[in-house]
Amino acid sequence: MSTAPTVSKRHLWIAMALTIAAASAKAETIEVTIEKLVFSPASIEAKVGDTIEWVNKDVFAHTATVTGGWEVMIPPKTSASLTLKRAGSFDYFCRFHPNMKGQMTVTSP
């Protein structure tokens, strides 16, 4: 005859704390809308591991470009995304429309 192992209250509290910590550290998706040649919001805050999704409502293509860094092509009437890999402050712009500018601050989780 086998008996089920017993779990102490201490182990239950530790398990609950780990579950809560894991849930609060979940990566998020942050949406940036592109409409009428404007990134909205123009400034965002995110964490490493979060995903930025640009939703292009315009009828022409845009990019989210960081000079010397990355570039995301966003076709018309669709979306594109990027998962953030490192912390820092990044200014980005549209390569086709250089007056379109955005800024993001990325922190470690």
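**A salt bridge and its surroundings**

Guide: The structure holds one salt bridge, meaning a side-chain nitrogen of Lys or Arg within 4 Å of a carboxyl oxygen of Asp or Glu. Please note that this is a predicted model, in which local features need pLDDT of at least 70 and side-chain atom pairs count only at pLDDT 80 or more, while totals for chains, interfaces and linings use all residues. Residues are numbered from 1 along each chain as its sequence is written, and side-chain values use heavy atoms, with hydrogens and water left out.

Visitor: Which side chains meet in the salt bridge?
Guide: Those of R95 and E71, at 2.8 Å from N to O. R95 lies in the loop between β8 (88-93) and β9 (101-107) and E71 in strand β6 (residues 71-74), so the pair ties together parts that are 24 residues apart in sequence. Helices (H or I, at least four residues) and strands (E, at least two) are DSSP runs, numbered from the N terminus.

Visitor: Why can such side chains pair at all?
Guide: Side chains of opposite charge can pair when their charged atoms come close.

Visitor: Which strands form the open sheet?
Guide: Four strands form it, in the order β2-β1-β4-β7, with mixed pairing. The edge strands are β2 and β7, each of which pairs on one side only. Two strands pair if DSSP finds at least two bridges between them.

Visitor: How many bridges join β1 and β4?
Guide: Six, in the parallel sense. As one example, T29 has T51 in β4 as its bridge partner.

Visitor: And what about the inside? How many residues has the largest nonpolar core?
Guide: It has 22 residues, and F39, I52 and W54 are among those with the most contacts inside it. A nonpolar core is a set of buried Ala, Val, Leu, Ile, Met, Phe, Trp, Tyr and Cys residues joined through side-chain atoms within 4.5 Å. The largest share of this core, three residues, comes from β1.

Visitor: Why would they gather there?
Guide: In soluble globular proteins, nonpolar side chains tend to be buried together.

Visitor: What is I52 in contact with?
Guide: Leaving aside neighbours within four places in sequence, the partners of I52 include I30, V32, I44 and M104. Contact means heavy atoms within 4.5 Å.

Visitor: Back to β1. Is T33 buried or exposed?
Guide: T33, which is found in strand β1, counts as buried at 17% relative accessibility.

Visitor: Where is K36, then?
Guide: K36 sits in the loop between β1 (29-34) and β2 (39-40), and K36 is exposed, with a relative accessible area of 70%. K36 and V59 are 23 residues apart in sequence, yet their C-alpha atoms are 9.3 Å apart in space.

Visitor: And L37?
Guide: L37 is placed in the loop between β1 and β2, and L37 is partly exposed, with a relative accessible area of 34%.

Technical notes: Buried means under 20% relative accessible area, exposed over 50%, partly exposed in between (1.4 Å probe, protein chains only).
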